[in-house]
Every structure is written in C-alpha cells, then in structure tokens.
Amino acid sequence: MILLNNIDHVPGKEIVEHFGLVAASTVRCKHVGRDLAASLKNLLGGELRGYTELLEEARQEALGRLVSMATQRGANAIINIRFSTSSVAPGAAEIYVYGTAVKVR
Amino acid sequence: MGELLLFLILLAVGYVFGSAEEKRHYNDLLKRERKLRIRMRGDALGAENFARSTLVTGSVVIGSDYFRLTLASFLNLFGGRLASQARLLDRARREAVLRMVERAQAMGAVEVVNIHLSTAKLRAGCAEVMAYGTAVMRT
C-alpha cells in the first residue's frame, strides 16, 4: 500500500530515493438528471450532494492515477501532495493532483 | 404578468428555504465542532515526531438560494460587500474542514497538520471547497 501525505517528509520513516514530480488529472461531468436536480436545489440553497459526490469520485480517480504513476517508477510513497479544482464547463470539473514520488524505509 | 408572479414566488421560496437551511447548517456546524478532540493547524512543525501519517481530505459543494443569488446580482451593480456570499463560503469552508477532521479522528489521529483549502466556483452562486491535510498518529 502506498503512503500518501501533504508534508515534506514521512514521519517515522526515512526517505532513501526521489523519483521526481508525479501529476494526474481527471475531468468529470455529471449526467443531465443530476444537473437538473442541482439547478432545483440551487433555488432552495444548501449542499448539492450530487456535485459533492461527483468531485469526490473524480478526486479518488485522480489519486489512483497518481499512485500508479508513482509505483511504476518504483516509489512507495508520495509526499507534498497538492490538489486543484477548476470548472471547465457548466456541470464539468477538472481535478488536478500532484506530488513528489519517493521511496521510504 | 405570469412571469413576474413566478419570479416573486421563487424569490419567496428561496428566501424562506435558504434562511432555514443556513440556520440549520450553522447550528449543525457548531454542534460538530464542539465534538472535535484533535488539533488542527496549517503548519507541519514537529510532524516528524509522530509515528505514522496519511493524507485526509474533506469537501463540500454548497449553493445559494434563488433569493440571495438575485440579491447578489443586483447588489453587484453598486459594489461593496456581499454578506450572503461571504456566509456561504464561510459555511462551506467550515464544513469541508469538519469533514476532513472527522475522518482523521475516526482513524485515530491526534492532529491534522498542513491544512490547505482550495475553492472553486462551479456555477453562479455555487462553490466547492476542498480541505486537505496530513493526519498524524502516535502509533
């Protein structure tokens, strides 16, 4: 199992090798049904659960890609992870995640 | 005439439901924040003294109601503070951080360090706030 965090070291372990920057992104869009529900919810205010779930799934997918990129290089941990979300079209969002792949012991 | 009536009805519905939702959410946030037992901070000083760490995230997408959106568009003509949108983002930030810290607490962490917040606008009056940090454990 790969180790993930967003600080510059791994507590309790020592970094023995660096594999450089790894980055991954996903663009996800909702289907029309959920977007319609979101538009209705926007009348009343409150959390738009469909969108929250969409972005959570997109983030998990992006993280998964990040992890496979890192393990391909031989890393067993990714440090200094940062996220970025942007809206690319109404109802669609891009999640970008990047970090430093390292090997720890 | 019918359109004006619909518009006024939507405004009223938005106002009533939006105000109720905002109040409910603030009460809920206060209740959950009181239950928190772990420290949270934006720096990572001393993190090397812990035994284990892992990335934790929390996110939420919150939208404004029709009344506040319309009001904001109107007030936009005059400039100045948009208190309703400020409250929206305040709630979203607190909710995202709470979700992240609740997850960390469930994992048995003692602190969440290096907390970062990221905000993105998805559509008019609707914003996503994401909070992420590193949960550290003693064992």
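Is A:Cys29 buried or exposed? A:Cys29 is exposed, at a relative accessible area of 56%. Here, buried means under 20% relative accessible area, exposed over 50%, and partly exposed in between (1.4 Å probe, protein chains only).

The model is predicted: local features need pLDDT of at least 70, side-chain atom pairs count only at pLDDT 80 or more, and totals for chains, interfaces and linings use all residues. Residues are numbered from 1 along each chain as its sequence is written, chains are lettered from A and ligands numbered from 1 in the order in which they are written, and side-chain values use heavy atoms, with hydrogens and water left out.

The model scores ipTM 0.89 and pTM 0.91. Chain B has an average pLDDT of 93, and 100% of its residues score at least 70. pLDDT is the predictor's confidence in each residue, from 0 to 100.

Chain A contains two helices and five strands. Their order along the sequence is β-β-α-β-α-β-β. Chain A is more spread out than a compact globule, because its radius of gyration is 17 Å, well over the 13 Å that the globule rule gives for 105 residues. The radius is taken over C-alpha atoms, and the rule is 2.2 Å times the number of residues to the power 0.38. Helices (H or I, at least four residues) and strands (E, at least two) are DSSP runs, numbered from the N terminus. The C-alpha trace of chain A spans about 55 × 25 × 20 Å along its principal axes.

Of the 105 residues in chain A, 44% are buried. The accessible surface of chain A is about 5000 Å², and carbon and sulfur atoms hold 55% of it. Areas come from the Shrake-Rupley method with a 1.4 Å probe; for residues, only the protein chains shown count as cover. Contact means heavy atoms within 4.5 Å. Among contacts in chain A between residues at least 6 apart in sequence, 72% join residues at least 24 apart.

A:Cys29 lies in strand β2 (residues 15-29) of chain A. Beyond neighbours within four places in sequence, A:Cys29 contacts A:Leu54, A:Gly91 and A:Ala92. The C-alpha atoms of A:Cys29 and A:Ala93 are separated by 6.4 Å, although 64 residues apart along the chain.

B:Arg91 belongs to helix α3 (residues 83-107) of chain B. B:Arg91 is buried, with a relative accessible area of 5%.
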